[in-house]
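Please consult the sequence and the model shown below.

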Amino acid sequence: MHPQTQKQIQLISRPEGMPTKNDFLYKEIDVPRPSGGEILIKTLYLSVDPYMRGRMTDAKSYVEPFALNEALSGGVVGEVVESKSEHFSAGDFVVGMLPWQEYSLANETEVRAVNPDGAPLSTHLSVLGLTGLTAYFGLLDIGQPREGETVVVSGAAGAVGSVVGQIAKIKGARVVGIAGSDEKVQYLKNTLKFDEAINYKSTGNLYASLKEACPDGIDVYFENVGGEIGDAALSLLNKHGRVPVCGAISSYNKTVSDLGPRVQTKLIKSSALMKGYVVNDYSDRFKEGATQLGQWLSEGKLQYEETITEGFDNVTDAFLGLFQGKNLGKQLVKVAEPAT
């Protein structure tokens with residue numbers, strides 16, 4: 001039997017700059033009961049992601065901002081513990097965008113079933129989930145790397161960047177990663193087999209280091225970070241270079257506008273394409289992407305790393321740690337063990 005009450009995490013103030021624990025509230029609420037077509041889901045793994053910072057600001061974006069004094073939400077893998085749906089039974093495992101709480105009510109159409117046998121449940125929030133799909137479509141649809149080309153990835157040891165670099169290697173490209181610690185640089189080179197990696201925090205001159213690492217220039221720059229890292233990479237674009245813009249984490253907590261070199265002349269000189277996107281742009285092709293990622297994983301062509309924080313009480317710590325670069329690969333929170 002599941003409990004009568006549970007914890008929920010609400011956003012109670014909109015952060016100015018870097019969020020703090022004072023922006024969140026842990027609240028005790030009742031565990032709901034499902035009715036027609038609904039299922040009750042026990043949260044097992046919960047995803048925290050940099051894009052959530054943007055949703056904490058009341059500004060127009062590609063997704064609605066989080067409401068104050070209500071639960072935040074994100075990717076969740078959970079177990080069905082009670083069902084009023086013909087499509088799901090107790091003991092099934094599902095993934096969906098659900099509230100930050102220990103038990104969630106969902107309509108049968110709001111989640112999809114996942115197979116617990118093919119790969120660990122957590123991978124459906126990382127390499128086989130929206131993270132992997134973000135890497136897959138951004139690199140292959142916009143970046144279109146070709147054999148022998150040079151692909152540079154910023155935030156390369158993060159959840160998306162680490163998958164991007166590996167897919168680029170599968171496609172025969174030369175891959176250079178940019179990360180924020182010597183440990184991450186070694187991980188990229190030794191484990192993920194990137195051709196070169198740069199610690200942007202310790203290099204005296206990032207542009208010079210990047211130019212040295214890319215003697216033939218940059219054909220594809222996969223942007224996760226923005227700021228001075230992006231400025232350096234855009235300056236080295238080859239003719240007809242491609243720049244998928246996935247994120248700009250360097251600016252997410254700034255309280256003033258992020259200023260830097262103007263990109264127009266760089267794009268004109270290189271006849272380059274720079275295109276922003278969100279993964280839901282490709283929602284009608286998710287099955288294609290998930291199938292291919294699963295195949296590469298089963299063939300040993302994709303490695304993945306997950307930084308897993310234990311306990312629902314530590315969700316906010318895990319989220320705040322994203323902006324200090326504490327995670328290697330995908331940052332997840334393990335909330336509970338499966339009952340079955």
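Which helix gives the most to the lining of the largest cavity? That helix is α3, residues 159–170, which contributes three residues to the lining. The model is a predicted one, and the values discussed here are computed from it.

**The cavity**

The count of cavities of 30 Å³ or more comes to one. The largest cavity holds about 50 Å³ of space. Its lining includes Ser 126, Val 127 and Thr 131, together with Ala 159, Ser 162 and Val 163. Gln 303, Tyr 304, Glu 305 and Lys 330 also line the largest cavity. By residue type, the lining divides into four nonpolar, four polar and two charged residues.

Thr 131 is among the buried residues of helix α2. Tyr 304 is touched by Thr 123, as are Leu 128, Gly 129 and Glu 306, when residues up to four places away in sequence are not counted. Thr 123 itself is placed in the loop between β8 (111–113) and α2. With a relative accessibility of 0%, Thr 123 counts as buried, because buried means under 20%.

Helix α2 has 14 residues, and the distance from its first C-alpha to its last is 18 Å, close to the 20 Å expected at 1.5 Å a residue. The helix is mostly covered, with eleven of its 14 residues buried.

Just after α2, Gln 144 takes a positive phi of about 45 degrees. The loop in which Gln 144 is placed runs between α2 and β9 (150–154). At 43% relative accessibility, Gln 144 counts as partly exposed.

A positive phi is also found at His 240, a residue other than glycine, where the value is near 65 degrees. His 240 lies within strand β13, residues 237–245. Gly 300, which follows α8, likewise has a positive phi.

| Residue | Phi |
|---|---|
| Gln 144 | near 45 degrees |
| His 240 | near 65 degrees |
| Gly 300 | near 80 degrees |

**Helix α8**

The buried residues of α8 are Gly 289, Leu 293, Trp 296 and Leu 297. These residues cover an arc of only 100 degrees around the axis, which means that they are on the same side of α8. On the other side of α8, Lys 287 and Ser 298 are exposed. The cover over the buried residues of α8 includes α2 (130–143) and α3.

Gly 172 is located in the loop between α3 and β10 (174–179). Its relative accessible area is 30%, and Gly 172 is therefore partly exposed. Leaving aside neighbours within four places in sequence, Gly 172 is in contact with Glu 147 and Gly 148. Gly 172 and Gly 148 are 24 residues apart in sequence, yet their C-alpha atoms are 6.0 Å apart in space.

Note on methods
Residues numbered from 1 in each chain as written. Predicted model: local features only at pLDDT ≥ 70, side-chain atom pairs only at ≥ 80, totals over all residues. Heavy atoms only, no water. 1 Å grid on protein atoms, 1.4 Å probe; cavity = no way out; pocket = protein on both sides within 12 Å on 5 of 7 lines; lining within 4 Å. Points joined across faces, edges and corners; volume = space filled by probe spheres on them. Helix = DSSP H or I, 4+ residues; strand = E, 2+ residues; numbered from the N terminus. Nonpolar A, V, L, I, M, F, W, Y, C, P; charged D, E, K, R; others polar. Buried < 20%, exposed > 50% of the residue type's maximum accessible area, 1.4 Å probe, protein only. Arc of directions from axis to C-beta. Contact = heavy atoms within 4.5 Å. Expected span 1.5 Å × (residues − 1).
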